[in-house]
Structure formats: structure tokens, C-alpha cells
Amino acid sequence: MTLSEIIEPHVGRTGGLISSLRAVQKEFGFLPAETDAVAADLFNITRAEVKGVISFYADFTREPKGETVVRLCAAEACQAAGGRDLCSAVEKKYALKMGETSASKDLTLEPVYCLGLCSVAPSAMVGDRLVGRASAAKIDQAVEQAKKEGAA
């Protein structure tokens, strides 16, 4: 499917640009560089406006992520509940730093600035699964489960 084919159905709709960018990212796993020009042309806006939307929303990415994405909460409540130690343990376990993707493209680590789980901090998200009272062991279990579900 081409970028134009993905983006066109969203043109003229309220929130169409964001919806079209989500659709592109769902199809390719990231937003290819040419997305800006195609979206700008179809929505009759500037490439700078498209880039502004892409850079504003943290969920949009220009680089492919790993098959499983582990997001560790970096907000104050989680930091106060041991989030920094959790981050260090997870980085050590997977030999990755925050923002990195493994060479095998199976795992990406990234910070997130609130998952809404302050009462069960520290928190994380592995794929689409929320993890409260997160520990390195719980995250490892969630990563293994995500891998099994991906293979199924």
C-alpha cells in the first residue's frame, strides 16, 4: 500500500492528519521521511505543519522500533518509588540504554512521562500491557509473554 493510499481516506476529516499519520505508522512501523511531503500535499498544508504535528506527539517515530517496546515511566511518582533503579536494572538486563533498539530489532526501551499508574508505581508498559509495581522480573515476564504472543 502506498503512502497516498493510506493517507487519502483521512483527508477532509476532523483530526484527519493525526489519523493518517497513525495509519502510516501502523502500516510501516514508523513514519518514512517522504510522509511529510505526501501528507502536506494531500492535506494542502506545509511540510513544516506536518513536521510540527509529528514532533509534538511522542508516539510518532521516524525510526523502526523493536517488535516489543518497553516503556518505563519517568514521571516523578514513579521516580520516587524506585523508577531510576528499575530503569538501571532493565537497561543492564537487556544491554540497552533508554531510546535504543536492539541490533536484532526485537526490543526497544523508551521513557514515557506518565502511564496514569501513580498508585502502583513504578510503572511500565510492555507492548500494550500495563505493568504496575514494576520490577525487572515482572518486565522480563511481560517481554517473554509478548514474544510468545507475537509468535502465535
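**Figure 1. Overall view of the predicted protein chain.** Of the 152 residues in the protein chain, 39% are buried (under 20% relative accessible area with a 1.4 Å probe, protein chains only). The model is predicted, so local features need pLDDT of at least 70 and side-chain atom pairs count only at pLDDT 80 or more, while totals for chains, interfaces and linings use all residues. Residues are numbered from 1 along each chain as its sequence is written, and side-chain values use heavy atoms, with hydrogens and water left out. The secondary structure comprises 6 helices and 4 strands (DSSP runs of H or I with at least four residues, and of E with at least two, numbered from the N terminus). Their order from the N terminus is α-α-α-α-β-α-β-β-β-α. Along the principal axes, the C-alpha atoms fill a box of roughly 50 × 35 × 25 Å.

Figure 2. A pocket is an open set of points on a 1 Å grid over the protein atoms alone, where a 1.4 Å probe fits, with protein on both sides within 12 Å along at least five of seven lines; lining residues have an atom within 4 Å of a point. Grid points are joined across faces, edges and corners, and the volume is the space filled by probe spheres set on the points. The lining has 26 residues, of which E67, V69, R71, G127 and D128 are the closest to the pocket centre. At least two lining residues come from each of α2 (16-28), β1 (68-73), β3 (124-126) and α6 (136-151), and α6 gives the most, with 5 residues. By class, the lining has 8 nonpolar, 7 polar and 11 charged residues (Ala, Val, Leu, Ile, Met, Phe, Trp, Tyr, Cys and Pro count as nonpolar, Asp, Glu, Lys and Arg as charged, and the others as polar).

**Figure 3. Close-up of the second largest pocket.** About 160 Å³ of space lies here. The lining consists of A58, D59, R71, E110, P111, V112, Y113, L115 and M125. Strand β2 (residues 107-112) supplies the largest share, 3 residues. The lining has 6 nonpolar, no polar and 3 charged residues.

**Figure 4. Close-up of the largest nonpolar core.** A nonpolar core is a set of buried Ala, Val, Leu, Ile, Met, Phe, Trp, Tyr and Cys residues joined through side-chain atoms within 4.5 Å. Among the 17 residues of the largest one, V70, L72, V90, L107, V126, I139 and V143 touch the most other members. β1, α5 (76-94), β2, β3 and α6 each supply at least two residues of this core. Another core, of 14 residues, lies apart from it and includes L3, I6, V24 and A40.

Definitions and conventions
Buried < 20%, exposed > 50% of the residue type's maximum accessible area, 1.4 Å probe, protein only.
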